[in-house]
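Subject: Structure handover

Hi,

Here is the structure we talked about. My notes on it follow below.

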Amino acid sequence: MDAVTIRLSGSFAVDGGAGPVLVGGRKARRLLARLAAAGGEPVPVDALVADLWPLRPPRAPGDNVATLVSRLRAALGSGVVLGTRPAYRLARPPAVVVDVDEAPALAAEAARRAGEPGLAATAAARGLDVLGTADVLAGEPPAEWIDALRRRVDDVRRDLWHALARAALETGDTPAALAAAGAAAAADPLDEGAHRLLMEAHRAAGEPGAALAVFADLRAALARELGADPAPATRSLHLAVLRGDPPPAGGRPRRRHPRPAPAGRDDETALLTAAWTAATTGTTGLVLLTGEAGIGKTTLAGTLARLVTDTGGLVLEARCHAAERSLLLQPVLDALAPVLRTVPPEEARRLAGAGAPVLAGLLPELAAVLGAPGPDRGTAELERRRTADAVRGLLRALAATRPVLLLLDDLHNAGIATVELLHYLAARPGGDRLLVLATVRAEEGAAAVAALADVATTVPVGPLAPDAVALLAARAGVPRHAEDVLRRTRGHTLFVVESLRGLAAGAPGVPGSLQAAVLARVHRLGPGVERVLRAAAVLGASVAPESVAALLGAPVPEVLGPLDDAAAARLLGPAGTDYEFANDLVHEVLYATTPAPVRRSHHLRAADLLAARPEARAGH
């Protein structure tokens, strides 16, 4: 079953992923709300009984609670409400998401991103959107646990208003700062921090009189309610406004607290973070992560996706499959369809806008929501343009709600229509809060990279540096093997990680996962290239085209093409007039997996060929 989302802010509601879920019975709904308010912690049955039947419990209260739990499990799935008779609790994210738990995490992220105001503002705005403005469990009968939850949510909402106001001041978004600080000050007339932020916002807007009026209201409220004067920081700001001092330019510098990057990927992570920060302020971007298979592109993309989620953005992701290359925009549709399936029908139609008939044709399973597909009304070129406009319109509508990351893995497998759509999105940004990130295998995606070169930022992902390999070796508990692993792998990320994992587990030889990864890359190049590479592996680490041709009894031009293909796939590299294997592991895997009779035949034929090249005999 899809993730269950429980909303306690405003009226109680439950969403099962495919739409609202009706939880039958007032007692069952109150039990679910009580468990949701506990933040995933177990709630004893005695406490549940007291909350559900505060005046007169039934004759067998534990049995009654168990019956209600059974009903909830029948409606939501067996993995939502956990536990047995002593205590029950809700499953934790991602299985169950509760709005009043999601918002504090966004508030914490906004505070942690204080040095990056664009990200802080995005996280805070998303947190406020999650909570809304209505009271928690509106319309529910009063209870101590509801009162406690409302106080907790009020505190979180205040922190989010503060964070948003501070971030807006630093980015120069005065209207947003006025709105956020004003909401916090109105909610709590004694909140000095909110009133200072409101004064700063009025000063930034060129409204010193309004700032002085805010101070006067605060001073009167403090004197009336607490018999106290404003704090020194508030009085100092009041004097600055009286003197007509200009507001600080760009706000006060704050210390940044970036999330740890994957080992050896600080520069790449910084570039991706900067691209997302720009997107949160309305700068649409397209970034291509390029590199050979297994080098770490997907890991980097996942790191950015976690940042986007943590800061309140929306991640739309999909993988491109070579077998679906001819299907129009399939990876993009795979990324968009879940959003339209999980929002109410009226919201899906609003997001689709004028493009709803086109999207209904592309996503037949959503035709009942979006309406009947529109008829073809022109040339194929015109229909492609309408399709691109419909997808772009949906992305723009989503980005107007919160910043969006469209993440496409393995773009080298995508059809030309998908590549053209990405170019269309990046070439006509329109100020949307949208970042498109795609991973591309360098050995297979040269055409896609070239097609997007004029609108994309390309971030090459190369081998790990020695210090990164040393760090990974230390983390794996085998620091003494760092130098050897670096030599054998030449820093290839997957080879480094799997080699260290095998060493840590005490497994001799090349790990099976590495062997499979190398052979998969070889098989993709076809039997002709594989035949040449296996012959080359018998000759040694250095590969002379003339020697390979002689070993196979073929003309030299006949082996040059396969060798070039292997070099383009990063299995070989240039070495003067010859080639060499990209690293020792590629060589070892090819040699070890070549059938013994074939190896023996090659060795017998190579004996005379290698006599004049003793350096190529090393290791054999």
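I start with a helix pair. Helix α8 (residues 192–204) and helix α10 (residues 232–243) have axes that come within 10 Å and cross at roughly 15°. An angle under 35 degrees counts as roughly parallel, so α8 is roughly parallel to α10. The crossing of α8 past α10 is left-handed. On the α8 side, the contact is made by Glu-192, Arg-196, Met-199, Glu-200 and Arg-203. On the α10 side, Ala-233, Thr-234, Leu-237, His-238, Ala-240 and Val-241 take part. By type, the residues of this contact are five nonpolar, two polar and four charged.

Please keep in mind that this is a predicted model.

**Overall picture**

The protein has 28 helices and 14 strands. Its C-alpha atoms fill a box of roughly 100 × 70 × 65 Å along the principal axes. Of the 620 residues, 47% are buried. Among contacts with a separation of 6 or more, 70% are between residues 24 or more positions apart.

**Helix α24**

Helix α24 covers residues 527–539. Just after the helix comes Gly-540, with a positive phi of about 135°.

The partner is helix α26 (residues 556–568). The axes of α24 and α26 come within 9 Å and cross at roughly 90°. Angles of 65 to 115 degrees count as roughly perpendicular, so α24 is roughly perpendicular to α26. From α24, the contact takes in Gly-528, Val-529, Val-532 and Leu-533. From α26, it takes in Val-559, Pro-562, Leu-563, Asp-565 and Ala-566. The residues of this contact divide into seven nonpolar, one polar and one charged.

**Helix α23**

Helix α23 spans residues 512–524.

Which residues of α23 are buried? They include Leu-514, Ala-517 and Val-518. Leu-519, Arg-521 and Val-522 are buried as well. What do the buried residues of α23 pack against? They pack against α22 (493–504), α24 and α27 (584–593). After α23 comes Gly-526, which has a positive phi near 100°.

Helix α5 (residues 117–131) holds Arg-126.

Is Arg-126 buried or exposed? The cut-off for buried is under 20% relative accessible area. Arg-126 has 15% relative accessibility, so it counts as buried. Beyond four places in sequence, Arg-126 touches Glu-102, Leu-106, Gly-312 and Arg-402.

Leu-128 is buried, at a relative accessible area of 14%. Leaving aside neighbours within four places in sequence, Leu-128 is in contact with Arg-157, Leu-160, Trp-161 and Leu-164. Leu-128 and Val-96 are 32 residues apart in sequence. Their C-alpha atoms are 20 Å apart in space.

**Val-436 in strand β10**

The last stop is a strand. Val-436 lies in strand β10 (residues 434–441). With a relative accessible area of 2%, Val-436 is buried. Where does Val-436 make its contacts, leaving out residues up to four places away in sequence? Val-436 touches Gly-285, Leu-286 and Val-287, among others. Leu-406, Leu-422 and Leu-425 are also on its contact list. How far apart are Val-436 and Thr-284? In sequence, 152 residues separate Val-436 and Thr-284. In space, they are 8.0 Å apart, C-alpha to C-alpha.

**To recap**

- α8 and α10: roughly parallel, with a left-handed crossing.
- α24 and α26: roughly perpendicular, with seven nonpolar residues in the contact.
- α23: its buried residues pack against α22, α24 and α27.
- Arg-126 and Leu-128: Arg-126 counts as buried, and Leu-128 is buried.
- Val-436: buried, with Leu-286 and Val-287 among its contacts.

Best wishes

Definitions and conventions. Residues are numbered from 1 along each chain as its sequence is written. This is a predicted model: local features need pLDDT of at least 70, side-chain atom pairs count only at pLDDT 80 or more; totals for chains, interfaces and linings use all residues. Side-chain values use heavy atoms; hydrogens and water are left out. Helices (H or I, at least four residues) and strands (E, at least two) are DSSP runs, numbered from the N terminus. The expected span of a helix is 1.5 Å times one less than its number of residues. Axes are lines fitted to C-alpha atoms, for helices over the stretch in contact, and angles run from 0 to 180 degrees between N-to-C directions. Angles under 35 degrees count as roughly parallel, over 145 as roughly antiparallel, 65 to 115 as roughly perpendicular and the rest as oblique. A crossing is left-handed if the near helix is turned anticlockwise from the far one by less than a right angle, and right-handed if clockwise. Contact means heavy atoms within 4.5 Å. Ala, Val, Leu, Ile, Met, Phe, Trp, Tyr, Cys and Pro count as nonpolar, Asp, Glu, Lys and Arg as charged, and the others, Gly among them, as polar. Buried means under 20% relative accessible area, exposed over 50%, partly exposed in between (1.4 Å probe, protein chains only).
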